[in-house]
Amino acid sequence: MAKHLPIRMCVACRRRRPKGELLRILLMPEGFRLDPTGKLPGRGAYVCPDNPECWTEKKLRRFAGGRAKALSEALISLLGGTDGQNTHLPAG
């Protein structure tokens, strides 16, 4: 019998992928928090860590609103630039 594989959707590109392939983001009152393990409590959203187009401010506005620019900059610094060369985040 096949093991259940949770599926989540990227808030930027709306593509559905296995949870372990996406980066979880928590939006908190004091700001956002990146959760590479996917285990922190709270409601989160997911973005593709290997697609730089998903880290743009415009695509993140749906989820982060006015904080989308700061979130975009944090994703770019964490994931290694605009070309996605450092996409080695641990799976959650």
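1. Two strands are taken as paired if DSSP finds at least two bridges between them. Helices (H or I, at least four residues) and strands (E, at least two) are DSSP runs, numbered from the N terminus. On this basis, R24 of the structure stands opposite Y46 in β5.

2. The model is predicted: local features need pLDDT of at least 70 and side-chain atom pairs count only at pLDDT 80 or more, while totals for chains, interfaces and linings use all residues. Residues are numbered from 1 along each chain as its sequence is written, and side-chain values use heavy atoms, with hydrogens and water left out.

3. The protein has 2 helices and 5 strands. Along the sequence, these elements follow the pattern β-β-β-β-β-α-α.

4. Three of the strands deserve attention: an open sheet of 3 strands has the order β4-β3-β5, with antiparallel pairing. Its edge strands are β4 (31-35) and β5 (44-47), each of which pairs on one side only. Neighbouring strands of this sheet are turned by 30 degrees against each other on average, direction ignored; axes are lines fitted to C-alpha atoms, for helices over the stretch in contact, and angles run from 0 to 180 degrees between N-to-C directions.

5. Strand β3 (residues 23-28) is joined to β4 by 5 bridges and to β5 by 4 bridges. β3 and β4 form a hairpin with 2 residues between them.

6. Contact here means heavy atoms within 4.5 Å.

7. Which residues does L71 touch, not counting residues up to four places away in sequence? They are I25, F32, L34, L60, F63 and A64.

8. Buried residues (under 20% relative accessible area, 1.4 Å probe, protein chains only) make up 33% of the 92 residues in the protein. Among contacts with a separation of 6 or more, 47% are between residues 24 or more positions apart.

Key
Buried < 20%, exposed > 50% of the residue type's maximum accessible area, 1.4 Å probe, protein only.
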